[in-house]
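This report is for a reader who is new to the structure shown below.

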Amino acid sequence: AHAAYAAARPRSAEIHARARELLPGGNTRSVLFYTPFPTAMVRGEGCRLWDADGHEYLDLLGEYTAGLFGHSEQRILDAVRGALERGINLASVGEAEARLAGLIVGRFPSIELVRFTNSGTEANLMALAAARGFTGRVKTMVMRGGYHGGVLTFASERNPVNVPIPLAFTDYNDPEAAMRDILAEGEELAAVLVEPMLGSGGCIPASREFLQALRDATRQTGAVLIFDEVMTSRHGRGGLQERLGVIPDMTTLGKYMAGGMSFGAFGGRADIMSVFDGHRPGTLPHAGTFNNNVWSMAAGCVAMGEIFDSPTAEALFARGEALRTALNAACAGVPMQFTGHGSMLNVHFRRGPITGPYAATEAENKLRELFFFDMLGMGIYLARRGMAALSLPVTEADCARYVAAVEEFAAARQPLLA
Ligand code: PMP
């Protein structure tokens with residue numbers, strides 16, 4: 001698969017070779033690295049992409065959920081251009097900041113007050129700072145296999161050297177263990193940080209019971225329960241929390257909300273968020289040159305105020321559910337399945353329910369790699385790990401094309417899947 005892939009992409013190979021001399025691994029986003037070298041995209045329109053060698057793709061990756069509006073939504077482009085015409089960042093507060101805050105506070109049941117950041121990573125770090133400031137405690141509990149940004153990645157139990165905070169771990173989707181582990185930490189815990197669906201971990205939804213156990217246990221110990229909805233907030237007007245009916249103390253957001261411009265936000269209960277209120281004594285600092293940059297604020301107002309309304313969110317969710325059902329029907333006979341919620345889905349090469357992170361076998365890893373390269377060969381762009389995140393321009397016909405490609409894969413790779 002590598003030989004055919006490389007032969008068709010001499011320009012991408014060249015771009016990678018040059019970049020490698022200057023950037024370790026050839027880029028600055030680990031998630032975009034794969035061997036022999038990543039395909040370099042040079043242009044996007046709607047949900048179509050073109051690479052440096054002139055191949056066209058159906059973009060089902062949707063910039064890892066940040067590309068919800070596609071590559072050329074006119075209202076987003078107009079908002080960004082309009083903002084820049086009034087001057088590049090003004091070192092000032094602006095009206096758009098409070099307008100966007102209003103659009104978010106009105107939607108998410110857990111968010112009474114909100115602040116902006118440049119990324120989901122920062123949003124999580126600041127939410128943890130808020131929880132620590134509010135509780136006067138330091139430790140945070142996270143899930144084995146959870147992901148909350150480049151410095152908060154817990155794919156391995158080894159406490160990564162770049163995590164700047166004391167941690168405790170528990171297992172995803174095990175309500176009894178979570179309850180026990182949180183109660184055992186007692187008043188040590190400042191916060192419990194959880195994705196209501198593991199995103200990077202393979203689009204594995206949390207059960208309502210699990211999230212409710214976290215809710216009940218944190219209520220008992222006084223730890224701040226934080227839902228990382230950086231990815232999952234797209235699953236409904238008020239995010240996955242509203243859909244599942246479990247409401248955390250704080251929520252972190254990011255990705256698509258500024259129309260694809262850099263973005264992050266964290267918010268929650270007014271008493272917790274007030275640790276940042278400059279009108280009060282003993283305020284915690286939260287600065288950041290680009291936190292309220294004019295293009296993200298302007299694009300965010302249009303994205304959340306004019307485009308991604310409740311019916312649009314529901315229609316996208318339904319399209320994703322229908323796609324997942326069709327994909328799972330297409331591979332019913334083989335050890336292969338698609339997990340997720342709504343418009344986010346990930347392929348797995350095993351049978352039976354998947355309720356948490358697992359150690360993939362060598363055979364599974366090979367199939368996952370083959371799947372990625374086979375799909376690229378058929379003109380379908382996914383995450384290397386097999387994730388798709390539908391964007392609004394993706395049509396039913398585009399979904400049907402993915403289902404047909406998966407059928408072809410299952411037939412062509414039958415011997416390996418047996
Ligand atoms: N939390 C989750 C659940 C994410 O999926 C991501 C990004 N993939 C982040 C946080 C970090 O966001 P960012 O890449 O904007 O820092």
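P10, A17 and R18 are the exposed residues on the face of α2 turned away from its buried side. Helices (H or I, at least four residues) and strands (E, at least two) are DSSP runs, numbered from the N terminus.

The buried residues in α2 are S12, I15 and H16. They sit on the same side of α2 because they cover an arc of only 95° around the axis, where the arc is that of the directions from the helix axis to the C-beta atoms. These buried residues of α2 pack against β2 (48-51); contact between two residues means that their C-beta atoms, placed from the backbone, lie within 7 Å.

## Basis of the model

The model is predicted: local features need pLDDT of at least 70, side-chain atom pairs count only at pLDDT 80 or more, and totals for chains, interfaces and linings use all residues. Residue numbers start from 1 along each chain as its sequence is written.

P36 lies in the loop between α2 (10-20) and β1 (41-45). The peptide bond from T35 to P36 is cis, with omega near 5°. P36 is exposed, because 12 other C-beta atoms lie within 10 Å. Not counting residues up to four places away in sequence, P36 touches H2 and A6.

V42 belongs to strand β1. This residue counts as partly exposed because it has 13 C-beta neighbours inside 10 Å. Leaving aside neighbours within four places in sequence, V42 is in contact with W50, D51 and A52. V42 and S12 are 30 residues apart in sequence, and their C-alpha atoms are 10.0 Å apart in space.

## Two residues with positive phi

T65 is not a glycine, although its phi is positive, at about 90°. T65 is placed in the loop between β3 (56-59) and α3 (74-85). With 23 other C-beta atoms within 10 Å, T65 is buried.

C203 also has a positive phi, near 55°, and is a residue other than glycine. C203 is found in the loop between β8 (197-198) and β9 (204-205). Is C203 buried or exposed? C203 is buried, because 27 other C-beta atoms lie within 10 Å.

## Domains and their contact

The domain assignment gives domain 1 (2-68 + 310-417) and domain 2 (74-307); such bounds come from an automatic or database domain assignment. The centres of the two domains, taken over C-alpha atoms, are separated by 27 Å. The contact takes 24 residues from domain 1 and 24 residues from domain 2.

On the side of domain 1 that touches domain 2, the elements giving two or more residues are α11 (310-330), β13 (337-341) and β14 (344-348). Of these, α11 gives the most, with five residues. The residues of this side of domain 1 divide into 10 nonpolar, 13 polar and one charged. Ala, Val, Leu, Ile, Met, Phe, Trp, Tyr, Cys and Pro count as nonpolar, Asp, Glu, Lys and Arg as charged, and the others, Gly among them, as polar.

## The largest nonpolar core

In soluble globular proteins, nonpolar side chains tend to be buried together. A nonpolar core is taken here as a set of buried Ala, Val, Leu, Ile, Met, Phe, Trp, Tyr and Cys residues joined through C-beta atoms within 7 Å. The largest one has 114 residues, of which V192 and A298 touch the most other members. Helix α10 (residues 294-307) supplies the largest share of this core, nine residues. Domain 1 and domain 2 each contribute at least three residues to this core.

Apart from neighbours within four places in sequence, A298 is in contact with A79, V80, G82, A83 and A96.

## The ligand shell

How many residues surround the ligand? There are 16, and the closest are S119, G120, T121, G149 and V230. A residue is near a molecule if its C-beta atom, placed from the backbone, lies within 6 Å of it.

Helix α5 (residues 120-135) gives the most to this shell, with three residues. The shell divides into four nonpolar, 10 polar and two charged residues.

Terms used
A residue is buried if 20 or more other C-beta atoms lie within 10 Å of its own, exposed if 12 or fewer, and partly exposed in between; C-beta atoms are placed from the backbone.
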